[in-house]
Protein chains: 2
Amino acid sequence: MSAAEETGGEDTPWSEVTPEAARRLLVAAVEAFAERGYHATTTRDIAGRAGMSPAALYIHYKTKEELLHRISRIGHDRALRLLEAAASGDGTAADRLADAVRSFVRWHAERHTTARVVQYELEALGDEHRAEIVGLRRKTDAVVRGIISEGVRAGEFEVPDVPGTTLAVLSLCIDVARWFNAQGSRTPDEVGALYADLVLRMVGAQR
Amino acid sequence: MSAAEETGGEDTPWSEVTPEAARRLLVAAVEAFAERGYHATTTRDIAGRAGMSPAALYIHYKTKEELLHRISRIGHDRALRLLEAAASGDGTAADRLADAVRSFVRWHAERHTTARVVQYELEALGDEHRAEIVGLRRKTDAVVRGIISEGVRAGEFEVPDVPGTTLAVLSLCIDVARWFNAQGSRTPDEVGALYADLVLRMVGAQR
DNA sequence: CCCGAACCTGAGCAAGCGCTTAGAGGCGTC
DNA sequence: GACGCCTCTAAGCGCTTGCTCAGGTTCGGG
C-alpha cells in the first residue's frame, strides 16, 4: 500500500470540528450546500437538518458564509495533504503521479458531497476568505506541476506544455465531484484507477 | 478548414431570440448568472443590466427559471451541433475526435460566460426543463462515444473502458468553462489545440 | 384622427431571507 | 442553593426577493 493510500482513508471526516453541535451543523450545511448550492440554501434548512432552531446556528458560527469557509478550508487542506503524501513518496514520477491522481480522485468520488461544495462554491466566499482558499489551490497546482516536471526531467514523460497539462489534469480530477453519483455503477476505486491510467497517457508515460 | 470549424464561428450568438428587448434581457441574464450564479442573481439585476424596469422582464418571460431554460436550451443545442458536425466529417476517427474536441473546447473557452451557465446551473432548472436538457446531454455523450468506438473498431485507438473514457473526455472539455479566463494567457484556439492533443493521448491514438 | 395591440413603468404585495434579542433550561462550582 | 456559564429556543426585525397590476406611451392601420 502506498503512502497516499495510508493517509487517504479518512475515518472521522469532521473530527476537527468541536463541539458536537457545531459539527452537526457543519455536516448539515455540507449536505444542503451540495444539494441546492450555497445561495439556494437557507439557514433555517441547515439548522433544521441538524435538529436545531435557526438561532442555534449563530452560537457556533458568526455568519452563513463562515460555515462555507470552514468547510472549504478543511476540504482543501485534506485534498492538498493527499496530494503531498503521494508526491513525497518514493518511486518513479509515474508512480507518484498515478498515486496522486488515484487518491485525489478517490477522495473526490467518495466524499463527492463535500468535494462539490469545496470545489464549486468558491465564488460565494467573501474576499479575504476566497483569497486564502485560492492560495491553497495554488499549492495544489504546484504539487502536481512538480511531479510532472520531474517526470519530464527524468525522461519518463513527454509533455510539450507542462503548465497546460497540469491544469488539464487537475481540472479532470476536480470535475469528478460534479458528475460522480454514489448510486452509479462505478466505485470510487474504479474511477481512481481509470483516471490514473488516463493521466499517465496524457503525460506520455511508457506504461 | 474542417467541417467543425466552418460551423464553429458563431457571428450573432443569440440571433434566434426575438424581439430585441427579449434578447437584451437574455444576454443580461447570461452575464449575471455567469458572474453570481442563478440563485444569487435577482430579477432586478437582470432588468437593470438590460436598461429596463423589473416588471419588463415578465412581459417576455413567464419566470426567472424560463430565462435559464432558454439559455440552457440554446447553449446545449449549439454545443451538440458543433460535436455532430465534427463527428460526421470525413477522415479517420482520430481526425474527427480531434476536430470535435477542438471546436467543443474552443466554444467553451470563447463563450465561457454562456458555457458556465449552460454547464453548471443545470440543477436550478425545474423538473421537466431539466429532463429535457439531460436528454440533450445524453445525445452529446453518444456522439463522442460513437467516435471513440469507431476508432477502437478500426484499430486506431486503444481504450480499455470506452464509456469511462468518454465520460472523462467530456468532463475535461466541459470544465474549461469553469477555469477559462479571457484575461488569461491562453487563447481559445490554443486551449483547443492543447486539449485535442491530450485527448488523442488518452485514447492511445498513434500520433 | 382615432383605435387597439404591443410594450413598458411605478408602486407595491406576500413571502422568505439572514440575523438578533430576551430569556429559559441544564450543569458544575463554591 | 445561589451563582455564572454555556447552550439553545421563541419571537420577530428590517430587508430583499420573485412576481403582479393598473395605467401610461408608442405606433401602424383604417
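Analyst: A polar backbone atom of A:Thr43 lies 2.9 Å from a phosphate oxygen of DNA strand C. The model is predicted, so local features need pLDDT of at least 70, side-chain atom pairs count only at pLDDT 80 or more, and totals for chains, interfaces and linings use all residues. Residues are numbered from 1 along each chain as its sequence is written, chains are lettered from A and ligands numbered from 1 in the order in which they are written, and side-chain values use heavy atoms, without hydrogens and water.

User: What makes the pair of A:Thr43 and DNA strand C a polar contact?

Analyst: A polar contact is a pair of N or O atoms within 3.5 Å (within protein, one must be able to donate a hydrogen and the other to accept it, and residues adjacent in sequence count only if both atoms are side-chain atoms). The distance at A:Thr43 is 2.9 Å, so the term applies. A backbone N or O atom of B:Ser53 also lies 2.9 Å from a phosphate oxygen of DNA strand C.

User: Why is the pair of A:Trp179 and A:Tyr195 called tilted?

Analyst: Rings of Phe, Tyr and Trp (its six-membered ring) pair if their centres lie within 6.5 Å; planes under 30 degrees apart count as stacked, over 60 as edge-to-face and the rest as tilted. Here the centres are 6.4 Å apart and the planes at 40°, so the pair is tilted.

User: How do you know whether A:Tyr195 is buried or exposed?

Analyst: Its relative accessible area is 1%. Buried means under 20%, exposed over 50% and partly exposed in between (1.4 Å probe, protein chains only); therefore A:Tyr195 is buried.

User: What makes A:Lys64 a charge over the ring of A:Tyr38?

Analyst: The term requires NZ of Lys or CZ of Arg within 6 Å of the ring centre and within 35 degrees of the ring normal. A:Lys64 lies over the face of A:Tyr38, at 4.5 Å from the ring centre.
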